[in-house]
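I opened this notebook to record what I looked up in a single model.

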Amino acid sequence: MRAVEPDDWAAFARFAEHEERLGDVLNPPRSAEDHRQRAKEQAAATTDGDCFPLVIEEIGTREAVGSVGVHHADPREGCFEYGVTIDAEHRRKGYAAEAVVLSLRYMFGERRYHRCEARVFAYNEASLTFQRRMGFVEEGRLRDRVFVDGRHHDVVIMGILADEFARCHPQGAR
């Protein structure tokens, strides 16, 4: 994983296109310049250590294969959210799991947060299965929370506590 660079805009555009094609999200078309500007803003943004976007790279080729980010971090409550996106051609190769474990290990171990949440569209079985495999449990459901592809869908709130994460992903294990 590495910080976002301005040249990552093309990869971000590709990720967005694949997410839309797979039905993960539907947005109005964005221009190349919009993607360039967003990547430039992310690359220039200062981080406080608790909220950050990262690019997931394939080690051998250094190709951007996805992104992971921590957001909505509240140090007083000890809670944060994360999101991960993997390019369609690189899914099911372990990139997401490795990036999530590293990100959560940092947030729980170094930043001393207590809980992490992830929001998943209820129809996205692959993502729900992934969250469960990572040790997350379903904590709630926001009924008809998002409007995608002409209809409303539930959003499932998944959560994991620091001690649960430590049991599922012990230090030294990948």
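**Entry 1. Conventions.** I worked on a predicted model, so I took local features only at pLDDT of at least 70 and side-chain atom pairs only at pLDDT 80 or more, while totals for chains, interfaces and linings use all residues. Residues are numbered from 1 along each chain as its sequence is written, and side-chain values use heavy atoms, with hydrogens and water left out.

**Entry 2. Strand pairing.** I took helices (H or I, at least four residues) and strands (E, at least two) as DSSP runs numbered from the N terminus. Two strands pair if DSSP finds at least two bridges between them. I found β2 and β3 paired in the antiparallel sense over six bridges. Phenylalanine 52 has valine 70 of β3 as its bridge partner. The hairpin of β2 and β3 has six residues between the strands, and in it arginine 62 takes a positive phi near 65 degrees.

I then followed β3 to β4; this pairing is also antiparallel, over seven bridges. Here glycine 69 has glycine 83 of β4 as its bridge partner. Four residues lie between the strands of this hairpin, where glycine 78 takes a positive phi near 75 degrees.

**Entry 3. Nonpolar cores.** I defined a nonpolar core as a set of buried Ala, Val, Leu, Ile, Met, Phe, Trp, Tyr and Cys residues joined through side-chain atoms within 4.5 Å. Buried means under 20% relative accessible area, exposed over 50%, and partly exposed in between, with a 1.4 Å probe and protein chains only. The largest core has 31 residues, and those with the most contacts inside it are Phe80, Tyr82, Leu104, Phe108, Cys116 and Phe136. Which elements give two or more residues to this core? They are β2 (52-57), β3 (64-74), β4 (79-86), α3 (95-110), β5 (115-121), α4 (125-133) and β7. The largest share, nine residues, comes from α3. Another core, of seven residues, lies apart from this one and includes Val4, Ala11, Ala39 and Ala64.

**Entry 4. Aromatic pairs.** I counted rings of Phe, Tyr and Trp (its six-membered ring) as a pair if their centres lie within 6.5 Å; planes under 30 degrees apart count as stacked, over 60 as edge-to-face and the rest as tilted. The structure holds seven such pairs. Phenylalanine 108 lies in helix α3 and phenylalanine 165 in helix α5, so the pair ties together parts that are 57 residues apart in sequence. Both partners are buried, phenylalanine 108 at 10% relative accessible area and phenylalanine 165 at 4%.

The rings of phenylalanine 121 and tyrosine 123 have centres 5.5 Å apart and planes at 25 degrees, so this pair is stacked. Phenylalanine 121 is buried at 19% relative accessibility, whereas tyrosine 123 is partly exposed at 33%.

I also noted that ring pairs link Phe80, Phe108, Tyr113 and Phe165 into a cluster. For contacts I used heavy atoms within 4.5 Å. Setting aside residues up to four places away in sequence, phenylalanine 108 touches, among others, Phe80, Tyr113, Cys116, Ile160 and Phe165.

**Entry 5. Cysteines.** How many disulfides (cysteine sulfur atoms within 2.5 Å) does a search of the whole structure find? The search finds zero. For cysteine 116, the nearest cysteine sulfur is that of cysteine 79, 7.5 Å away. Cysteine 168 has its nearest cysteine sulfur in cysteine 116, 13 Å away. Cysteine 116 is buried at 0% relative accessibility, and cysteine 168 is partly exposed at 42%.

**Entry 6. Histidine 169.** I placed histidine 169 in the segment after α5 (162-168). Is this residue buried or exposed? Histidine 169 counts as buried because its relative accessibility is 13%. Its side chain reaches the backbone oxygen of methionine 134 at 2.8 Å. Not counting residues up to four places away in sequence, histidine 169 touches Val101, Arg105 and Met134.

**Entry 7. Isoleucine 157.** I located isoleucine 157 in strand β7 (residues 151-161). Isoleucine 157 is buried, at 11% relative accessibility. Beyond neighbours within four places in sequence, its contacts include Glu117, Arg119, Val137 and Leu142. From alanine 10, isoleucine 157 is 147 residues away in sequence and 30 Å away in space, C-alpha to C-alpha.

Key. Polar contact = N/O pair within 3.5 Å; in protein donor to acceptor, adjacent residues only side chain to side chain. Disulfide = S-S within 2.5 Å.
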